[in-house]
Amino acid sequence: MNTTPPMINFAQPCLDDATIQDVADVLRSNWITSGPRTVALEQALSTSFGGRPTRMLTSATAAMEVALDVCGIGPGDEVITSAQSFFSTMNMIVKVGARPVFVDCELASRNILLQQVETAITPQTKAIMPTHFPGALVDMDALLALAKKHGLRVIEDAALVQGSYWKDQAIGSFGDIATFSFHPNKNMTTIEGGAIVVNTEQEAKQVDILRFHGITRLADDTRDVVTAGGKFNLSDVSAAIGLRQLPQLDSFLQKRQSLVQRYFQNFPKIPGAVLPPNDMPRQSWNMFCVLFPFADLKTSRKELRDALRQHGIATGVSYEALHTTTLGRSLGYSEGQFPNAERIANETLTLPLHVNMTLEDVDRVCETVKTVLGL
Ligand SMILES: Cc1ncc(COP(=O)(O)O)c(C=O)c1O
């Protein structure tokens, strides 16, 4: 008899039969690439972002690259960003030829330190690119005021926070440019996919060109290429999934909220551990990340992760510090520059969190952490 408890995945999408039926319908429709469903999803998302122009792309990473291009950022320019984020923020800044100027983040919320942003501004600075983390957003009032004061663009990496509110406004419904991810481990999915929200229809037209080979149509129905565009258009198969996911977003977020509140209730008391902030009620919870004082606990993250996996619990690391990656070091950064980002990189563990989990699954994770650490 197999006594191994069922695996609790780190993340897992929630796809119902109606979604599978819609995907089959698209596959049978003879139009499977970008088409009416992609347009419909863009319109539905735009409505959720207060009517702002919204375009779908193949990933948030693509959306970030296109956002930087829309802002005209390239060689010689600097973009200020946090040393604590997913790799794509750094990568896309480098890819367009600009320099990522790293600053540190707050330890518990992991959000970019705006005081350090202000100090890092130079005549070359063109944009601020902050990442919002689950549980607490970057202070949007302070961020937008700072950007306005210095004439900078803001590209919000909102990959993790679709459905979060700053005061009474949904993230994406105000500000400058925002990008979202619909990877299967995000708040809703299109398999792979991302969205960009821009300010004007003119910027949205730029996105249309940049996501599809730089092509514009001429009066004689031939094509011109006006810039070296990419190939980032979403398929209607993915859009069909997104169209079924978006109406469920609120219920997905409620479920995530209840699971996270259970984590806060039952997570073992570990001196020196740092849990995310839990004092902003309208935030979405894409991940639940904890800092563990591994040295005090006389173990390592690898040992803890291996032990949890043996008990059927998958975990993740969100995130390594960008400035200490090989690419970061090649740009002249080194260890010791951003202590909070580095401490997070060394001590963070992402616990399982997805809509298919039960409260009992959360209890099992908490109990297993306790047992494995001998608490
Ligand atoms: C904070 C953050 N930004 C951006 C991305 C990139 O998203 P995508 O996989 O859609 O390119 C991720 C992916 O995990 C992320 O966590």
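What follows is a chat about a predicted model.

Colleague: What kind of model is this, and which domains does the assignment give the protein chain?
Modeller: The model is predicted. The domain assignment gives domain 1 (17-247) and domain 2 (248-373).

Colleague: What separation is there between the centres of domain 1 and domain 2?
Modeller: The centres, taken over C-alpha atoms, are separated by 25 Å. In the contact, domain 1 takes part with 44 residues and domain 2 with 38 residues.

Colleague: Now the sheet. How many strands form it, and in which order?
Modeller: Seven strands form an open sheet, and their order is 1-9-8-5-4-2-3. The pairing is mixed. At the edges are strand 1 (54-57) and strand 3 (99-103), each of which pairs on one side only. On average, neighbouring strands of this sheet are turned by 25° against each other, direction ignored.

Colleague: How many bridges join strand 4 to strand 5, and do these strands run parallel or antiparallel?
Modeller: Strand 4 (residues 125-129) and strand 5 (residues 153-157) run parallel and are joined by two bridges. In strand 5, arginine 153 stands opposite alanine 127.

Colleague: Which strands does helix 3 touch where it packs on the sheet?
Modeller: Helix 3 (residues 60-70) touches strand 1, strand 2 (78-82), strand 4, strand 5, strand 8 (177-181) and strand 9 (194-197). The direction of helix 3 makes about 165° with that of strand 8.

Colleague: And helix 7, which strands does that one touch?
Modeller: Helix 7 (residues 201-210) also packs on the sheet, with strand 1, strand 5, strand 8 and strand 9 touched. The direction of helix 7 makes about 15° with that of strand 1.

Colleague: Pockets next. What is the space in the largest pocket, and which residues lie nearest its centre?
Modeller: The largest pocket holds about 420 Å³ of space. Its lining has 28 residues, and Phe86, Leu160, Asn185, Lys186 and Tyr319 lie nearest the centre.

Colleague: Which element gives the most to that lining?
Modeller: Helix 3 gives the most to the lining of the largest pocket, three residues. Helix 3 and strand 13 (348-351) each supply at least two residues of this lining. By class, the lining of the largest pocket has twelve nonpolar, 13 polar and three charged residues.

Colleague: Where do the lining residues come from in terms of domains?
Modeller: At least three residues of the lining of the largest pocket are drawn from each of domain 1 and domain 2.

Colleague: Tyr319 came up there. Where is tyrosine 319 found?
Modeller: Tyrosine 319 is in the loop between helix 11 (301-310) and helix 12 (326-330). The peptide bond that joins serine 318 and tyrosine 319 is cis, with omega about 0°.

Colleague: What volume does the second largest pocket have, and what lines it?
Modeller: Its volume is about 340 Å³. The second largest pocket is lined by 17 residues, with Gly163, Tyr165, Leu249, Asp250 and Leu253 nearest its centre. Helix 9 (residues 249-266) provides the largest share of that lining, five residues. By class, there are eight nonpolar, seven polar and two charged residues in the lining. Each of domain 1 and domain 2 gives at least three residues to the lining of the second largest pocket.

Colleague: Back to backbone angles. What is phi of arginine 110, and where is its place?
Modeller: Phi of arginine 110 is near 70°, which is a positive value in a residue other than glycine. Arginine 110 sits in the loop between strand 3 and helix 5 (114-120).

Colleague: Last one, leucine 27. Which residues does it touch?
Modeller: Leucine 27 is in helix 1 (residues 17-28). Not counting residues up to four places away in sequence, leucine 27 touches Ile32 and Val237. Leucine 27 and proline 277 are 44 Å apart in space, C-alpha to C-alpha, and 250 residues apart in sequence.

Methods:
Residues numbered from 1 in each chain as written. Predicted model: local features only at pLDDT ≥ 70, side-chain atom pairs only at ≥ 80, totals over all residues. Heavy atoms only, no water. Pairing = 2+ DSSP bridges. Helix = DSSP H or I, 4+ residues; strand = E, 2+ residues; numbered from the N terminus. Axes fitted to C-alpha atoms, helices over the stretch in contact; angles between N-to-C directions. Contact = heavy atoms within 4.5 Å. 1 Å grid on protein atoms, 1.4 Å probe; cavity = no way out; pocket = protein on both sides within 12 Å on 5 of 7 lines; lining within 4 Å. Points joined across faces, edges and corners; volume = space filled by probe spheres on them. Nonpolar A, V, L, I, M, F, W, Y, C, P; charged D, E, K, R; others polar. Domains from an automatic or database assignment.
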